Amino acid sequence: MTMGEVSGAGFTLGTAFRPGTVAEDAVHAMVSVLDAQDAAPSIERLRGWALSAGAVRLGETCVDLGSGTGTMTRRLARLVGPDGRVVGIEPNGMLRTVAAERAARAGTAIELCQGLATEIPMPDESVDVVWCERVLQHVPDPRAALVEIARVLRPGGRALLLDSDHASRVDSDIDPAVAAAMLDSFMGQLANPLSARQLPRLAIEAGLEVDPDIGSSALVYPQEVLVGSELTRLAADQAVSEGRITREQADEAMRSQSAAARSGWAFSAITVFGFVCRKP
Ligand SMILES: C[S@@+](CC[C@H](N)C(=O)[O-])C[C@H]1O[C@@H](n2cnc3c(N)ncnc32)[C@H](O)[C@@H]1O
């Protein structure tokens, strides 16, 4: 399965990453989407920038909040070395299992535990770095999450927050009015679709300082994903079911995007922003 292929009756990408999702096909689809995003050069550029700006050091204690398949949990573990500690906190037990298997295969020592962004199972002022990537878009109360992140950070600790702002989406070859209706439907399913733009304010209100240099990178979907894209189909079907577009408009959106992708010029992207927040 690739970034564009998802399966399962009733599955929607907008709702899949909620903590209660346990259906095997939905979890399988989440892992596929995360693996494809891991492979995107644009995501790697933003991760590299955030790790460098946040200066994760040997011996530090890190939390990977909403750790998913554990890609960054393992990477943080390599950065802090054997004298450091990395805890992946992830509400979804099946994703924790995937992360544990991958860490074991890689021979990387990480800890994984159940928790929520709003209930981090760590003592006050015990953490040097909180990494939280593309998680707060799924959290209904991001303000509570920022307060919780600030609670667990030591003075001098850093929160490295990477998150999407779905209103920044670009779809080159779908009629703009239809694309806007599909995006409205998709954003209606997400707990916090405009997450990124709120993060500086929420971080400052939680007592953190935010570096003025904000990172950004467009997560660009590869052409092959846009030919008959199941993600586009899901968004279009959702918009039809909500009466925002007609079935004919949905079919035309699929057709025009697929044709552009076959020609090599389809462009579909969303901006992910990175914030370095410091506890004074
Ligand atoms: C798009 S994935 C990102 C995973 C990982 N951070 C990455 O960048 O590869 C979103 C993750 O957030 C988790 N999640 C959803 N709601 C959460 C919450 N309230 N608290 C913590 N994690 C949550 C999901 O289970 C999923 O692992």
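**Entry 1: glutamate 60**

I began with a side-chain pair, and found that glutamate 60 and arginine 158 are joined by a polar contact of 2.9 Å between their side chains, where a polar contact is a pair of N or O atoms within 3.5 Å, and within protein one must be able to donate a hydrogen and the other to accept it, while residues adjacent in sequence count only if both atoms are side-chain atoms. I note for the whole notebook that this is a predicted model, in which local features need pLDDT of at least 70 and side-chain atom pairs count only at pLDDT 80 or more, whereas totals for chains, interfaces and linings use all residues. Residues are numbered from 1 along each chain as its sequence is written, and side-chain values use heavy atoms, with hydrogens and water left out.

I placed glutamate 60 in the loop between helix H3 (41-54) and strand E1 (61-65); helices (H or I, at least four residues) and strands (E, at least two) are DSSP runs, numbered from the N terminus. Is glutamate 60 buried or exposed? Its relative accessibility is 7%, so I wrote it down as buried, the term for under 20% relative accessible area, with exposed being over 50% and partly exposed in between (1.4 Å probe, protein chains only). Setting aside neighbours within four places in sequence, I listed its contacts, meaning heavy atoms within 4.5 Å, as Ala55, Val80, Gly84, Arg85, Asp128, Val129 and Arg158.

**Entry 2: positive phi angles**

Alanine 55, one of those contacts of glutamate 60, has a positive phi of about 45 degrees although it is not a glycine. I found alanine 55 in the loop between H3 and E1, and at 33% relative accessibility it counts as partly exposed. Arginine 134 is not a glycine either, and its phi is positive at about 55 degrees. Arginine 134 lies in the loop between strand E4 (127-133) and H6, and I recorded it as buried, at 11% relative accessibility.

**Entry 3: cysteines**

How many disulfides does the structure hold? I found zero, taking a disulfide as a pair of cysteine sulfur atoms within 2.5 Å. For cysteine 62, the closest cysteine sulfur is that of cysteine 132, and at 13 Å it is too far for a bond. Cysteine 113 is in no disulfide, and the nearest cysteine sulfur to it, in cysteine 62, is 14 Å away.

**Entry 4: helix pairs**

I then looked up H6 (residues 142-152) and H8 (residues 195-205), which pack at an angle of about 50 degrees with their axes 9 Å apart; axes are lines fitted to C-alpha atoms, for helices over the stretch in contact, and angles run from 0 to 180 degrees between N-to-C directions. That angle makes H6 oblique to H8, since under 35 degrees counts as roughly parallel, over 145 as roughly antiparallel, 65 to 115 as roughly perpendicular and the rest as oblique. The residues making this contact are Pro142, Arg143 and Leu146 of H6 with Gln198, Leu199, Arg201, Leu202, Ala203 and Glu205 of H8.

For H9 (residues 230-241) and H10 (residues 247-263), I noted an angle of about 165 degrees and axes 9 Å apart, which makes H9 roughly antiparallel to H10. Here Thr232, Arg233, Ala236, Asp237 and Val240 in H9 meet Arg247, Ala250, Asp251, Met254 and Gln257 in H10.
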